[in-house]
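Colleague: Before we use this model, I would like to go through the terms in its description and see what each one rests on.

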Amino acid sequence: MGVHERDSQGPGRESAPAGGGLTTGEVARRLGVAPTTVRTWDRRYGLGPEAHTGGRHRRWTPADVARLERMCALTATGIPPAEAARTVLGEATPEAVPAGRAARARKEAVPGRRAAGPSPRPPARARSRAGSGLRLGDVRQECKGIARAALRLDAAALDELLETAIDEHGLVAAWTEVIMPTLQAVGRKWESSGEKYVEVEHFLSWHVSGALRRGAPPATADRPGATTVLACVPGENHTLPLEVLAAALAERGLPVRMFGGALPVESLVTAVRRTGPAAVGLWAQSRTTASRPLAQHVAAMEWGVRGARRKPAVLTIGPGWTGRSVAGLPRPAGLAEAVAVLESVVSR
């Protein structure tokens, strides 16, 4: 599901008028908010564009977008939208925001408060944090939108942006080029800020997992000797990369059995014996959890009738296996390579 423009008359995609500037939908995607949020900020706080086309359609100039970016930065730190809007309008030049619009915004921002007189600014500490964002560098625009939605803890916008990325780019490209860089940026922010943003990382991970589950096709029925077993090694709870791999295999009609995080050794061995898989993917995020003896033990397991016994192909997946590779076992470098290896193994 994508982010759609809708006009005031009902559902439907708003046509992009000719001329410079961005449409409301384009601005929403850039900011990582729902189009309704942009319209609400326009209607309620006076943060809309001045340019019109055809009397109804609106175009957002760079100056208009800059005000909204500032609004996003302020609200991402927990400042209420009304207070953030007053700050944005107070910072803008008189030419950028006409006096009538600013007065209307102040009046609507705080019901019952006199429009006259200066509006209070956020505390100095809040202002210092307002500009703190995720430094994503030169990445896809979708990354920045997803990061901003995650910082605001905006569940509706985040779900819509994630599903749009998967729909438009496909699962593998969306994970590799959009979702994973954003998760890494959130992780860096958490590590460098004294764990102040841990709720953002958990929030984003949960919504990514939900988007994967909603977008994945129904589970494929088992085919003898064609199943892939996916599990995190004992002590490893980072399941998202395996969830992506499971969804990518399901997209290709390959049967998968996903066992999630920190599967005990005995349970892993039992699962492999019960399913008789063509392949087993073992994920390790950390070198402290990657176990060569475990990988070798699973790779040596056999089942089937005497004279036609089989062994699984074992893939050691994840950064934890760096420097701990096991001779004879594939260690794919990324999602696309892991999918290719497993497709090859299953098709033998």
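Colleague: What makes helix H7 roughly antiparallel to helix H8?

Modeller: In this predicted model, H7 (residues 141-151) and H8 (residues 155-169) pack at an angle of about 160°, with their axes 9 Å apart. Angles over 145 degrees count as roughly antiparallel, so H7 is roughly antiparallel to H8. The axes are lines fitted to C-alpha atoms over the stretch in contact, and angles run from 0 to 180 degrees between N-to-C directions. H7 passes H8 in a left-handed crossing, a term for a near helix turned anticlockwise from the far one by less than a right angle.

Colleague: Which residues of H7 and H8 meet, and how do they divide by class?

Modeller: Glu 142, Gly 145, Ile 146, Ala 149 and Ala 150 in H7 meet Ala 157, Leu 158, Leu 161, Leu 162, Glu 168 and His 169 in H8, where contact means heavy atoms within 4.5 Å. The residues of this contact divide into seven nonpolar, two polar and two charged; Asp, Glu, Lys and Arg count as charged, and Gly is among the polar ones.

Colleague: Which helix gives the most to the lining of the largest pocket?

Modeller: That is H9, with nine residues, while the lining as a whole has 17 nonpolar, 13 polar and six charged residues. Leu 183, His 238, Leu 240, Pro 241 and Gln 285 lie nearest the centre of this pocket.

Colleague: What limits apply to the model?

Modeller: Local features need pLDDT of at least 70, side-chain atom pairs count only at pLDDT 80 or more, and totals for linings use all residues. Residues are numbered from 1 along each chain, and side-chain values use heavy atoms, with hydrogens and water left out.

Key:
Helices (H or I, at least four residues) and strands (E, at least two) are DSSP runs, numbered from the N terminus. Angles under 35 degrees count as roughly parallel, over 145 as roughly antiparallel, 65 to 115 as roughly perpendicular and the rest as oblique. On a 1 Å grid over the protein atoms alone, a cavity is a set of points where a 1.4 Å probe fits but cannot get out, and a pocket is an open set with protein on both sides within 12 Å along at least five of seven lines; lining residues have an atom within 4 Å of a point.
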